[in-house]
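Me: Please show me the structure, and then we can go through it together.

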Amino acid sequence: MKNVLMKCLMALWVAAGLVSCASGAKEDATEKKIDDLLRQMTLEEKIGQMNQLQGVGYNEDMVSQIREGGVGSILNDLNPDTINMLQRVAVEETRLGIPLVFARDVIHGFKTIFPIPLGQAAGWNVDLVEQGARIAAYEATSVGIRWTFAPMIDVSRDPRWGRIAESCGEDTYLNAVMGAAMIRGFQGESLSDPRSMAACAKHFAAYGASESGKDYNTTNIPERLLRDVYLPPFKAAVDAGAATFMCSFNDIDGVPSSGNKWLNIDVLRQEWGYDGMLVSDWGSIEQMIPHHFCSDLKDAAHKAAIAGVDMDMMGFAYITHLKSLVEEGVVKESVIDEAVRNILRLKFRLGLFDNPYVAVVDTLPFYQPASLEVAQRVAAESAILLKNNNVLPLKSFNRVAVVGPLADAPKDQVGTWCFDAEPEHCVTPMQAIKERYGNKVVAVPGLTYSRDTNKQGIAQAVAAARSADVVLFFAGEESLLTGEAHCRADLTLPGAQTEMLKALKATGKPVVMIVMTGRPMVITEEVELADAVIYSFHAGTMAGPGLADVIFGDVVPSGKLPATLPLMTGQVPVYYAHKNTGRPAADMILIDDIPVGAAQSSLGFTSFHLDAGDSPLFPFGYGLSYTTFDYSPVTLSAAEMTVDGTIEATCTITNTGKYDADEVIQFYIGDKVASVARPVKELKGFKKLHIESGESVTVAFDITAEQLAFTRLDMTRGTEPGEFDVWIASDSRGGEPVTFVLK
Ligand code: GLC
């Protein structure tokens, strides 16, 4: 028996070796092809590959630029015939026939739109996120898109920033895990599969730290924070095989990412061994001039080239100035060669040299039933139940009022960054509920859009509420208030929505508020007023059926907040993985409780806001269910571990309610003492499990040295001996820690 086992193991080992040899041989063959091609290319042809242009259809100007070898990639052309015609010019009418790569922002779906990435993160379902990305790739590649500018994995701790919508929230680990899932989905088993498209890890790096949550703003983050919080999702993207990266618009401590050699070469290439392609963001090379980092476009081209930016998206810096920079000896041609090597490698990996054209089919695979089913499931699983005074799930009623500006707003429910969405294919909450309950539904928006301050319609909504047994109030933000360049300094509900809620509440009918939005908002007052609250980050084409599944109990809510909900805007930034400070909040006396004339020293001296205290409205990882879960105390397989050992942390979770349900079991570790102050805790793992009513499951998480490593005082990455706390809980505030020692 042992011999058989050994033979099997040997066979597996040899097979694995053969596979890795085969892929290694394939890579070697590609490198040889690149070398051969590079040797033949003129300087102009090389620079042409580094130029990415916005698609403008098939016009003479574009055709002649391609024919002269002046274009390497085109973004935003979406017609397969146009794409093939332009590709034919590149392949058949240029000297070397190097194919173009066509790109598009397929961020959370192409035609079948999934919840915005922040919503997908709220579902904590890694497999489903990967499935969604695969469907997006399937739809987008069918028109000829082979490169998407996603996933966006900028850790975002400031909900004033409109682009938090595109991220996977405030946590490093969650962004890393979700980003890797999207990369797997977009790129599939093989990048050369015509149904696969190159992913793009963006925006490199730390764009989410834009000061004051204002887009494109400066970031001032020390290298340690960069390395421990903002870079790990990008390292995970490298490990997941991301074919491309994109620069961020922001500067880090005064250095714009498009000119940051340390970031793009020292870290990305040398430390991480990345061999993919790095594209600028739209005009981000040229924008180093207004950054006051470059004097003119030639200076920008120079600084971006030597900082390792391979391709210039719509900046016209490279195509205009690189030739003269090389001829003047300012930029070595070897720098150009390296960039072109990365670009050609992407095109070879995509299989474009062998298969440059998109198959034109009669019926494009959009909105397939199976795709819509996945989209509905993601929408349902992304819904977060924040409050429920035994109102939900709605089971028995004669009449339900469906009101609010987001109840029937297809363009808004799809969220930001989905230029190819078709609202007519969306199913809104109102449509889904009418489809279920027909004449038991009375629908009156009350407000026509989220910023609407015209209160005349509210009376009709109130009348509808009076005629019903229960009110479903769909509130939130238009999608236009979120996304790139759409930042808000006030996170409360816009327009007259709060007044509308008050009027609905005054009817005495139970009111369920469903918030459909692109960011964590301040809904403190509204949560107080509503009898139940569901939070939904713009949930896509099937937002309506997905939310209806949750509201009426076909799906038990399992969503958990991927970002903290502040109590007040002034708390921002407020996030769970904060430092403890030297005076953590204690004995807080809040502003309304301060006696008039109280002594200066009577309010204590600890870290909190007099008018907010020290807690958010709801913490990261929070979300209720229709059932309840009991968590046993955490047990550890040992009280001590060495750096090459592991400890197993286990916990038994019991479904103590009457509904079978999914639960996101979260695993946090806190370093109690270190050479630098560490966050009070950090998410290091999670499991989303289905637990039937009355069932108990025991989960185990392994603790390894890698999870305890950080950037130490001397800036090296590694562990330090000492005590660590471990939580296994239902959110970032729950559970009692147990402690172990790293020897
Ligand atoms: C935008 C965005 C980037 C996007 C690119 C192409 O400005 O910053 O995320 O991929 O341009 O549309």
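**Overall form**

Reply: The radius of gyration of the chain (taken over C-alpha atoms) is 27 Å, which agrees with the value near 27 Å for a compact globule of 743 residues. That rule is 2.2 Å times the number of residues to the power 0.38. This is a predicted model, where local features need pLDDT of at least 70, side-chain atom pairs count only at pLDDT 80 or more, and totals for chains, interfaces and linings use all residues. Residues are numbered from 1 along each chain as its sequence is written, and side-chain values use heavy atoms, with hydrogens and water left out.

Me: How many helices and strands does the chain have?
Reply: The chain has 21 helices and 27 strands, counted as DSSP runs (H or I of at least four residues for helices, E of at least two for strands).

Me: And what share of the residues is buried?
Reply: Buried residues, those under 20% relative accessible area (1.4 Å probe, protein chains only), make up 60% of the 743 residues.

Me: Turning to the ligand, which residues are around it?
Reply: Those with a heavy atom within 4 Å include Asp 105, Phe 149, Trp 282 and Glu 484. The shell divides into six nonpolar, one polar and five charged residues, with Asp, Glu, Lys and Arg counted as charged, Ala, Val, Leu, Ile, Met, Phe, Trp, Tyr, Cys and Pro as nonpolar, and the others, Gly among them, as polar.

Me: How far is the side chain of Arg 163 from an oxygen atom of the ligand?
Reply: A polar side-chain atom of Arg 163 lies 2.7 Å from a ligand oxygen. For a side-chain N or O atom of His 203 the distance to a ligand oxygen is 2.6 Å, and for Asp 281 it is also 2.6 Å.

Key
A polar contact is a pair of N or O atoms within 3.5 Å; within protein, one must be able to donate a hydrogen and the other to accept it, and residues adjacent in sequence count only if both atoms are side-chain atoms. Buried means under 20% relative accessible area, exposed over 50%, partly exposed in between (1.4 Å probe, protein chains only).
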